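Hi,

Here's the structure I promised to pass on.

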Amino acid sequence: MRQWLKANPEDRKGSRGTIRKSNRTDNESAKMATSKGVIQGYAGVAAVDDRHQIIVEAQAHGTGSEQALLLPVVKALAPYLRDYSLVTADAGYHSEDNLKTLAEMQVAALIADNGMRSRDERFKDQDRHKQKPDPLYDKTKPEKKATLYRPEDFTYDAHSQTCICPAGKSLYQNGSNCTFNGYAAVKFQGAQRDCVPCTQRDKCLRTPQNTKTRQVAFFRGKAQGTPQSYTDIMKRAIDSERGRALYGGRFATVEPVFGNLRHNKGLDRFTLRGQKKVDGQWKLFCMVHNIEKLAHHGYAQ
């Protein structure tokens with residue numbers, strides 16, 4: 001395997017120029033994270049009409065990133081989109097680049113971000129409905145506790161513009177109007193006379209042997225004059241009353257389709273290798289789904 005990888009360095013080059021690990025039996029597949037660990041396989045994507053649950057576009061790709069699958073599907077849908085069409089997708093397809101491209105394509109879309117439910121009061125009790133993890137299959141890593149003091153461990157008074165470290169020492173302000181990635185912040189730094197002899201240096205500094213003093217910043221929101229990101233625009237749209245109502249229809253539109261394919265039609269795994277064959281198998285099952293839907297809606301008569 002090492003010899004083969006050495007002889008084929010360009011075979012699985014990633015988007016950032018790095019070489020991705022290859023699979024000798026199916027080089028077009030990819031590693032994907034699931035609830036039962038990481039598997040080698042493909043992702044099946046489907047775009048569904050919200051009126052009759054007809055699959056209007058289906059694709060299968062060997063990539064573990066859902067973000068990379070959104071635009072190929074939307075571009076394939078271009079001939080069918082109308083002025084009143086709306087594309088909805090879950091948080092797995094959300095990225096600033098995807099939103100920017102959709103805006104440039106003038107495609108109306110509502111794509112959730114990872115914090116959408118935390119901002120929606122309707123989901124405030126969602127944790128009590130979560131299924132308890134199966135101890136035999138729970139692959140989640142235990143939450144790591146912070147080993148160093150974080151900004152929330154410091155006492156910051158925005159009114160008096162003062163900051164006290166966990167050791168009880170005052171930090172001096174060395175930046176009252178700083179900007180980091182478009183966000184305004186105020187910076188503080190400890191004095192050498194306090195930080196150098198402090199007994200808590202190991203808990204405060206990543207490299208206490210090289211760094212003399214601790215710096216900490218507190219953010220105050222978007223900096224003035226910073227242009228709005230496409231993510232901010234999408235958050236405002238999806239958090240509106242109309243946005244929530246429109247996005248809420250996605251659950252009843254596409255999720256039952258995947259349930260039908262997986263459980264009723266028995267497609268709980270792809271049985272072929274190679275992207276073209278897997279894509280064909282995925283489209284075949286989607287076609288069977290569509291035939292069934294058309295028959296139930298009276299087109300068989």
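Predicted model: local features only at pLDDT ≥ 70, side-chain atom pairs only at ≥ 80, totals over all residues.

Which helix does Gln-281 lie in? That would be H9, residues 275–296 (helices are DSSP runs of H or I with at least four residues, strands are runs of E with at least two, both numbered from the N terminus).

Residues are numbered from 1 along each chain as its sequence is written, and side-chain values use heavy atoms, with hydrogens and water left out.

Back to Gln-281: it counts as buried because its relative accessibility is 12% (buried is under 20% relative accessible area, exposed over 50%, partly exposed in between, with a 1.4 Å probe and protein chains only). Setting aside neighbours within four places in sequence, Gln-281 is in contact with Leu-267, Phe-270, Thr-271 and Leu-272 (contact means heavy atoms within 4.5 Å).

H9 also meets H8 (residues 241–264). On the H8 side, Val-257, Phe-258, Asn-260 and Leu-261 meet Trp-282, Phe-285, Cys-286, His-289 and Glu-292 of H9.

Elsewhere, Tyr-183 sits in strand S10, residues 183–189. With 35% relative accessibility, Tyr-183 counts as partly exposed. Leaving out neighbours within four places in sequence, Tyr-183 is in contact with Cys-178, Phe-219, Gly-221, Lys-222 and Ala-223.

Cheers

Terms used: Axes fitted to C-alpha atoms, helices over the stretch in contact; angles between N-to-C directions.
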